[in-house]
Amino acid sequence: LVIATNESYKEIDILRGKKRPEDIFVVRNGPDLNLFKLVEPDQDLKKTGKTILLYIGIMGPQDGVDYLLRSLHILISEFNRKDFYCLVIGPGDSLNDLKNLREELNLKEYCDFTGKIPFSDLLRYLSTADICVDPNPSNPLNDYSTWIKVMEYMSLGKPIVSYNLKETRYSAQGAALYATPNNEREFSQKIIQLIDNPSLREEMGQFGMNRVKNEL
């Protein structure tokens, strides 16, 4: 018997591993709903009056935070949007390189890296966020992987901007807006769409919360 974490890996097990479909069982990962609950928002962030964007996760070369930073730069330089502030939460091998890229793109006023933080702080920031982002680019790993951060965002009722990857779309469905894979300009346009439409954010967030609790 084989346990796979999603249908994409099950398909690989069948085609490459020559396993019989009836011998493969999909057991998905997901957030602990006893822990991921809304708390009091961070008042300092609220007082900025800006739309709060948030990324949480490990920051390695495959995780796409560089794509996110370039999209933020496009928001400012091309669309003249300065009404946002982005928190990037988590550790990783690429953290120092990403901080350097933030400097190169003149984003220090609009983006902060927290590094690894206590879970209580993570919940506070997640509860404050207006829009959550998953900038994983399309590649042979990301196209078939299920991202725990997506379901963590959904568990707290947060709308998501993501690239259109197969398993990300399966997880989030109507909880996310999907940009063409690796298209940083389109990714920034999806962020603008959500910044300018609070009612859509609310609708998507509620869909995601219900899907995590009742389906996934």
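Lys18 is found in the loop that runs between helix H1 (7-15) and strand S2 (24-26). The model described here is predicted. Lys18 has a relative accessible area of 67%, and because exposed means over 50%, Lys18 is classed as exposed.

Between Lys18 and Arg70 there are 52 residues in sequence, and their C-alpha atoms are 41 Å apart in space. Arg70 itself belongs to helix H3, where it is one of the residues that meet helix H4.

## Packing of H3 and H4

Helix H3 covers residues 65-77 and helix H4 residues 95-104; their axes come within 10 Å and cross at roughly 10 degrees. H3 is therefore roughly parallel to H4, since angles under 35 degrees are put in that class. The crossing of these two helices is right-handed.

On the H3 side the contact involves Val65, Asp66, Leu69 and Arg70, and on the H4 side Leu98, Leu101 and Arg102. Sorted by class, the contact of H3 with H4 has four nonpolar and three charged residues, with no polar ones.

## Packing of H6 and H9

Helix H6 (residues 148-155) packs against helix H9 (residues 198-214) at an angle of about 110 degrees, and the two axes are 7 Å apart. H6 is therefore roughly perpendicular to H9, because that class takes in angles from 65 to 115 degrees. H6 passes H9 in a left-handed crossing.

H6 contributes Met151, Met154 and Ser155 to the contact, while H9 contributes Gly205, Gly208, Met209, Arg211 and Val212. By class, the residues of the contact of H6 with H9 are four nonpolar, three polar and one charged.

## Two asparagines with positive phi

Most residues other than glycine have a negative phi. Asn80 has a phi near 55 degrees, a positive value in a residue that is not glycine. Asn80 lies in the loop between H3 and strand S4 (84-89). With 58% relative accessibility, Asn80 counts as exposed, because the cut-off for that class is over 50%.

Asn106, also not a glycine, has a positive phi of about 55 degrees. Its place is the loop between H4 and strand S5 (111-115). The relative accessible area of Asn106 is 62%, so Asn106 is exposed.

Asp134 is located in strand S6 (residues 131-134). Its relative accessible area is 0%, so Asp134 is buried; the buried class takes values under 20%. The side chain of Asp134 makes a polar contact of 2.4 Å with the side chain of Asn136. Leaving aside residues up to four places away in sequence, Asp134 touches Trp147, Lys149, Val150, Tyr153, Ile160, Val161, Ser162, Tyr163, Thr168 and Phe187.

Ser162, one of the residues that Asp134 touches, is found in strand S7 (residues 160-163). Ser162 is buried because its relative accessible area is 1%, a value in the class under 20%. Again not counting residues up to four places away in sequence, Ser162 touches Asp134, Thr168, Leu177, Tyr178, Ala179 and Phe187. Thr168 and Phe187 are among the residues touched by Asp134 and also among those touched by Ser162.

Conventions: Residues are numbered from 1 along each chain as its sequence is written. This is a predicted model: local features need pLDDT of at least 70, side-chain atom pairs count only at pLDDT 80 or more; totals for chains, interfaces and linings use all residues. Side-chain values use heavy atoms; hydrogens and water are left out. Axes are lines fitted to C-alpha atoms, for helices over the stretch in contact, and angles run from 0 to 180 degrees between N-to-C directions. Helices (H or I, at least four residues) and strands (E, at least two) are DSSP runs, numbered from the N terminus. Angles under 35 degrees count as roughly parallel, over 145 as roughly antiparallel, 65 to 115 as roughly perpendicular and the rest as oblique. A crossing is left-handed if the near helix is turned anticlockwise from the far one by less than a right angle, and right-handed if clockwise. Contact means heavy atoms within 4.5 Å. Ala, Val, Leu, Ile, Met, Phe, Trp, Tyr, Cys and Pro count as nonpolar, Asp, Glu, Lys and Arg as charged, and the others, Gly among them, as polar. Buried means under 20% relative accessible area, exposed over 50%, partly exposed in between (1.4 Å probe, protein chains only). A polar contact is a pair of N or O atoms within 3.5 Å; within protein, one must be able to donate a hydrogen and the other to accept it, and residues adjacent in sequence count only if both atoms are side-chain atoms.
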